[in-house]
Amino acid sequence: MAAERRTASPWAFMAATAVLWGSAFPAIRVALDGYSPTSIAVLRLVCAMAILSPCLFTGRISRLRRADLARMAGFGLTGMTAYQLLLYAGERHVEGGTAAMLVATSPVFATLLGMLVLRERPGTRGVIGLLIALGGALVVATAGGGGGGTHSGMAMIVLAAAAQATSFVLQKPLLRRYSGMDCIFYGSLFGLLPLLFFAPGAARQTADAGWQQLTAVGWLGLGCTVLAFCTWSRVLKAATTSTSSLVLYAVPVAALALDAAVFGAVPTPMAGLGGLVVLLGVAVAAMRRTPPRRVAGPTPEVTARQRETVKSG
């Protein structure tokens, strides 16, 4: 925590990440009207690859080292493939706001994995903030944002949260050698490979999709993948996995607000209260301890000079 306190929290990037990822839940809700979960996953990653491919040819994407191949592949398979498939399948049976709150359990998994794998220590304040934010998430999940869901759907979303946390732990060491754009490109590439089997079905569904579904899928690729992972990489690079993943507790708050703006799904008062508790937990965990103030006193040079004066006297 000492090193973490010396690093300024990138609040702007944390807020941007929360809004961008929060917008994914209403976008998924729109896209599911015309696409299957596998098709959304394929098209989202294809869109991301199409946006980032020019950067590869202009040299803005670093070359992947052979030693990092397995870790980067693991990042893509967990964070891009498993997370998306589980989330989309679960959101067919769970309302968007509730799904966002269930995904907010990811920091719990991230903290445990960070302690076991990366030997990170979140500290007392980090643990307290995590528990407060988790309590707020449970309040919102219980209150709902205008809907609930089936137990099987909720179970898939919790598994998606675990997959997402695993990808965070795999990605963090890579950020010492690669930029956020590098990780997005190679992660999307490895995440797309096992989904290519579903590409023909995605193409057929695209031919029948309306402009709303096409726009939603395009935003999932541009905003919720490329832009969001760029801002998220800045956050993850500046703090420990446990602290940086606390930004995910703010994602459901953004998702509920966007649901209300786009679909008119106004959250219940209890859900709003839970959202405030979530933000309180994030603030507690990210709070920096004020260093103790030093009492002004004589410098060593002044003290030595005084001793010489006494001797000469």
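Colleague: So how do α7 and α9 sit relative to each other, and at roughly what angle do they cross?

Modeller: Keep in mind this is a predicted model. The axes of α7 (residues 106–117) and α9 (residues 151–174) cross at roughly 40°, so the two helices are oblique to each other. Those axes come within 8 Å.

Colleague: And is that crossing left-handed or right-handed?

Modeller: Right-handed, as α7 passes α9.

Colleague: Which residues meet there?

Modeller: From α7 you have S106, F109, A110, L113, G114 and V117. They meet V158, A161, A162, Q164, A165, T166, F168 and V169 of α9. By type, the residues of that contact divide into 10 nonpolar, 4 polar and no charged.

Colleague: Switching topic: where is L20, and is it buried or exposed?

Modeller: L20 is in helix α2, which covers residues 11–22. L20 counts as buried because its relative accessibility is 14%, under the 20% cut-off.

Colleague: What does L20 touch, leaving aside its neighbours within four places in sequence?

Modeller: W219, G223, C224, L227, A228 and T231. Take A228: L20 and A228 are 208 residues apart in sequence, yet their C-alpha atoms are 5.6 Å apart.

Colleague: What about the chain overall: how many helices and strands, and how much of it is buried?

Modeller: There are 16 helices and 0 strands. Of the 313 residues, 50% count as buried. The chain exposes about 14800 Å², with carbon and sulfur atoms supplying 67% of that area.

Key:
Residues are numbered from 1 along each chain as its sequence is written. This is a predicted model: local features need pLDDT of at least 70, side-chain atom pairs count only at pLDDT 80 or more; totals for chains, interfaces and linings use all residues. Side-chain values use heavy atoms; hydrogens and water are left out. Axes are lines fitted to C-alpha atoms, for helices over the stretch in contact, and angles run from 0 to 180 degrees between N-to-C directions. Helices (H or I, at least four residues) and strands (E, at least two) are DSSP runs, numbered from the N terminus. Angles under 35 degrees count as roughly parallel, over 145 as roughly antiparallel, 65 to 115 as roughly perpendicular and the rest as oblique. A crossing is left-handed if the near helix is turned anticlockwise from the far one by less than a right angle, and right-handed if clockwise. Contact means heavy atoms within 4.5 Å. Ala, Val, Leu, Ile, Met, Phe, Trp, Tyr, Cys and Pro count as nonpolar, Asp, Glu, Lys and Arg as charged, and the others, Gly among them, as polar. Buried means under 20% relative accessible area, exposed over 50%, partly exposed in between (1.4 Å probe, protein chains only). Accessible areas come from the Shrake-Rupley method with a 1.4 Å probe; for residues, only the protein chains shown count as cover.
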